Amino acid sequence: MKDDLWNYLVSTDNLDDFLGLEVKCPNCNSKLVEIIYGRPDSILMEKARNKEVLLGGCIVSGSTPKYHCYECNKNYTKDLDEFNEEAE
C-alpha cells in the first residue's frame, strides 16, 4: 500500500503538497503558488483573491506553466524552469 501511495504522489505531482513542502521561486526565493486551470468554483475564486493560487484559464497544453511567483511575476514549469511564452 505504501508503494502505491508513493507512486501516485510522484506521478500526479502531489508529493510536495503531501509532505507540506513549500515550492520556492528560483529567482527571488518567495513562495510559489500553483496555477489552476479550468473553470473555478467559489472556493478557487476566493483562493485567487487571497493570492493562494493563480487562475490560468481554460486552455491547457502540454507546456503550460505549473507555478507562479507573485513577487517577481514569473511563471515556472513543474521542473522550476522559467516559462517563456515567446518560445511557444
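Q: At 18% relative accessibility, does Ser-30 count as buried or exposed?
A: This is a predicted model, in which local features need pLDDT of at least 70, side-chain atom pairs count only at pLDDT 80 or more, and totals for chains, interfaces and linings use all residues. Residues are numbered from 1 along each chain as its sequence is written, and side-chain values use heavy atoms, with hydrogens and water left out. Buried means under 20% relative accessible area, exposed over 50%, and partly exposed in between (1.4 Å probe, protein chains only). Since Ser-30 has a relative accessibility of 18%, Ser-30 counts as buried.

Q: With which residues is Ser-30 in contact, leaving aside its neighbours within four places in sequence?
A: Ser-30 has its place in the loop between helix H2 (15–19) and E1; helices (H or I, at least four residues) and strands (E, at least two) are DSSP runs, numbered from the N terminus. Contact means heavy atoms within 4.5 Å. When neighbours within four places in sequence are set aside, the contacts of Ser-30 are Val-23, Lys-24, Cys-25, Cys-69 and Glu-71.

Q: What pattern does the chain follow when read along the sequence?
A: The chain contains three helices and four strands. Read along the sequence, these elements give the pattern α-α-β-α-β-β-β.

Q: In what order do the four strands of the open sheet stand?
A: Two strands pair if DSSP finds at least two bridges between them. E1 and E2 pair in the parallel sense over three bridges, whereas E1 and E3 run antiparallel and are joined by two bridges. E3 (residues 67–69) and E4 are also antiparallel, with three bridges. The sheet is open, its pairing is mixed, and the strand order is E2-E1-E3-E4.

Q: Why is one side of E2 and of E4 left without a neighbour in the sheet?
A: The strand order of the open sheet is E2-E1-E3-E4. E2 (53–55) and E4 (74–76) stand at the edges, so one side of each is left without a neighbour, because each has a single partner strand.

Q: Which residue in E4 is the bridge partner of Tyr-67?
A: Tyr-67 takes part in bridges towards two strands: in E3 it is the bridge partner of Glu-34, and it also has a partner in E4. That partner in E4 is Tyr-76.

Q: What angle does the direction of helix H3 make with that of E2?
A: Axes are lines fitted to C-alpha atoms, for helices over the stretch in contact, and angles run from 0 to 180 degrees between N-to-C directions. Helix H3 (residues 42–49) packs on the sheet and touches strand E1 (33–36) and E2. Between the directions of H3 and E2, the angle is about 115°.

Q: Which residue caps the N-terminal end of H3?
A: A side-chain oxygen of the capping residue lies 3.2 Å from the backbone nitrogen of Ile-43. The residue at this N-terminal end that supplies the oxygen is Asp-41.

Q: Which residues make up the largest nonpolar core?
A: A nonpolar core is a set of buried Ala, Val, Leu, Ile, Met, Phe, Trp, Tyr and Cys residues joined through side-chain atoms within 4.5 Å. Leaving aside its neighbours within four places in sequence, Leu-32 is in contact with several residues, including Val-23, Cys-25, Tyr-67, Cys-69 and Tyr-76. The largest nonpolar core has six residues in all: Val-23, Cys-25, Leu-32, Tyr-67, Cys-69 and Tyr-76.

Q: With which side chain does the side chain of Asn-73 make a polar contact?
A: Asn-73 lies in the loop between E3 and E4 and counts as exposed at 60% relative accessibility. A polar contact is a pair of N or O atoms within 3.5 Å; within protein, one must be able to donate a hydrogen and the other to accept it, and residues adjacent in sequence count only if both atoms are side-chain atoms. At 3.5 Å, the side chain of Asn-73 makes such a contact with that of His-68.

Q: How far apart in space are Thr-64 and Thr-77, C-alpha to C-alpha?
A: Thr-64 lies in the loop between E2 and E3 and is partly exposed, with a relative accessible area of 23%. In sequence, Thr-64 and Thr-77 are 13 residues apart. From C-alpha to C-alpha, their separation in space is 7.2 Å.
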